[in-house]
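Student: Before we start, could we go through this model term by term? I would like each label set against the rule behind it.

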Amino acid sequence: MRRLTSILMLLTAVMTVQAEDTPLIGNVLNRQTTSLNGDWHYLVDVQECGYYGYRREKLSYGFFRNAKPQQPEDLIEYDFDKAETMPIPSDWNTRDQRLFFYEGTVWFHRSFNYQPKAGHRTLLYFGAVNYEAIVFVNGQEAGRHVGGFTPFNYDVTNLLKAGENFVTVKVDNKRSRENVPTLIFDWWNYGGITRDVLLVDVPQTYIGNYSLQLDRRNPKQLNFSLQLSAKEANRQVTLSIPELKIKQMLTTDANGHVSTSLKVKKLQLWSPEVPKRYGVSLTLGPTDSDASDMVSDSIGFRTIETRGKQLLLNGQPIFLRGISIHEEKPNGGGRANGPEDAHTLLSWAKELGCNFVRLAHYPHHEYMVREAERMGLMVWSEIPVYWTIAWTDDDTFANASRQLNDMIRRDQNRCNVIIWSIANETPHGKERDTFLSRLSRQAHDTDSTRLVSMAMEVLAASNYHNKLQDNMNEYVDVISFNQYIGWYRDVKDAAKMTWEIPYDKPVIVSEFGGGAKYGLHGAKNQRWTEEFQENLYRENTAMLDKIDGLAGTTPWILKDFRSPRRLLTGVQDYYNRKGLFSDQGQKKKAFYVLKEWYEGKK
Ligand code: GCU
């Protein structure tokens, strides 16, 4: 065994070629890609023996080598080709019953035939992997990523070969104090390769990312900027928006960057009533040694701003008729991961009379955001800085900061995204304030066209008077808070409550609600009955109408969702039952109370 190990170590040492960690490519869904979705083999590796040796030393000949016995006496103790498969994207918890509660390492592996184009690059793109992903191509490490809800990609041009290739991913969803989210959270810790896996074919230098937005101060001006994948000067970039008769030629500077402002006369602004988007195409001209690149998109234009306690969309006051949503399949549990899931969940929100959705508590998949834009639903998008994060840990901050950056970079051209949320229900304190104020500044610096918020809390009333006080008020554009009168507190007192939000900013009640088991009926003071939840909504909506500056709400929550913190047998059974829809998509009585209230807000 020892002699075999040293031979294999020798062998592998000479072959190590690193892939480059590559900035997130923009708008991958409209690019030339090869999907690697489909059946992948998987091995459950509880003790990570495919990655570490028995002294916990990293192995150079681990499972990622996909080794096969060469001689009859060779000892190889894994074989992906014989292993079970599961469809990717998905989560292992609902794909393999044995893994329902599993938190740990699972190896995923698939082979694929690929013919790299001469002079081109190939990126390997993941929509999301929860939580830690170590990616190998043909046995070589391409890169490592943490964070379960944002995309990442690697340039694997040097790792691929013409013909048969294989990709192996070590996925681990173990929770830890330093992670983002941290150890405890009220949703299921679905593990796996939960979103699309794509090979992206691009020229040597390609369009890295770009932004096209309506100027916040001048609704007759579009601001455009584009960054190439390399610092290459004098490259021709063409921006065209045929419907607006715009065709603009631009030349990159020494950093491979262009930016300009365009005057536009007649522009149909995007709104929930008229979710207008314009066809846009971007072309990077060829050079003698490099091919051209092209990407198209559908982009809408709108302004979103605040004026005192008012929220203004396209200069007009608006009330956000919202609902909170977790990224779970409409029926039963499991991560939602496609346009169909998105359309169904968002259609339920539309049925409620919504014009706004809070995608909680992490960036949902791109299909969800794009479908909401197409359907006329504004979006609150959030990073999972949830409850008590390790505020003083630099790696934790770097992780949160990267997730914020990737969330913005992925959806910066989605005009329906109006609010970036940097946190949910975080405890007051100096370290927390420092951590969050840095994130708030980052969000504002990265994107000056949207609003920044976070879900604060009002946990108690004194003498029925609820006053929100939070140092973070000065770092957010919209004051949002969660309150659970009628469920976690003051069950009978909603009608007596008064509210004070001492900040001259719009107010969103980002959570309120209570649980009900679908089909369970009884007196309105009987917990878990639909009548209890119905009454709670009736009383809360009447109470919220008394809040000065209320500009919107996103009740908790559209649909019952899986949570390891909900164990009441026969009622919760590992579901948080605060949905207005059951886990099977059945409407509860409270659904109609909220629908009626929103009718009055139109
Ligand atoms: C919190 C939290 C949610 C949670 C909800 C609940 O406010 O933000 O993630 O699910 O309360 O208790 O149901």
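Tutor: The second largest pocket holds about 370 Å³ of space. Its volume is the space filled by probe spheres set on grid points, which are joined across faces, edges and corners. The model is predicted: local features need pLDDT of at least 70, side-chain atom pairs count only at pLDDT 80 or more, and totals for chains, interfaces and linings use all residues. Residues are numbered from 1 along each chain as its sequence is written, and side-chain values use heavy atoms, with hydrogens and water left out.

Student: What makes a residue part of the lining of the second largest pocket, and which lie closest to its centre?

Tutor: On a 1 Å grid over the protein atoms alone, a pocket is an open set of points with protein on both sides within 12 Å along at least five of seven lines, and a lining residue has an atom within 4 Å of a point. By that rule 24 residues line the second largest pocket, and Pro23, Leu24, Asn209, Gln227 and Arg409 are closest to its centre. Elements giving two or more residues to this lining are β1 (20–22), β9 (152–155), β12 (207–214), β13 (221–228) and α5 (394–411). Helices (H or I, at least four residues) and strands (E, at least two) are DSSP runs numbered from the N terminus.

Student: How do the residues of that lining divide into nonpolar, polar and charged?

Tutor: They divide into nine nonpolar, eleven polar and four charged. Ala, Val, Leu, Ile, Met, Phe, Trp, Tyr, Cys and Pro count as nonpolar, Asp, Glu, Lys and Arg as charged, and the others, Gly among them, as polar.

Student: What makes a space a cavity, and how many are there of 30 Å³ or more?

Tutor: In a cavity a 1.4 Å probe fits but cannot get out. The count comes to six cavities of 30 Å³ or more. The largest cavity holds about 110 Å³, and 13 residues line it, with Gly127, Arg195, Asp196, Glu366 and Tyr367 nearest its centre. The second largest cavity holds about 90 Å³. Of its 15 lining residues, the closest to the centre include Asn130 and Tyr131.

Student: Which peptide bond joins Asn130 to Tyr131, cis or trans?

Tutor: The bond is cis, with omega near 15 degrees. Tyr131 is in the loop between β6 (120–126) and β7 (132–137). Another cis bond joins Ala360 and His361, with omega about -20 degrees.

Student: Why do β25 and β26 count as paired?

Tutor: Two strands pair if DSSP finds at least two bridges between them. Strand β25 (residues 417–424) and strand β26 (residues 451–457) have four bridges, in the parallel sense, and therefore count as paired.
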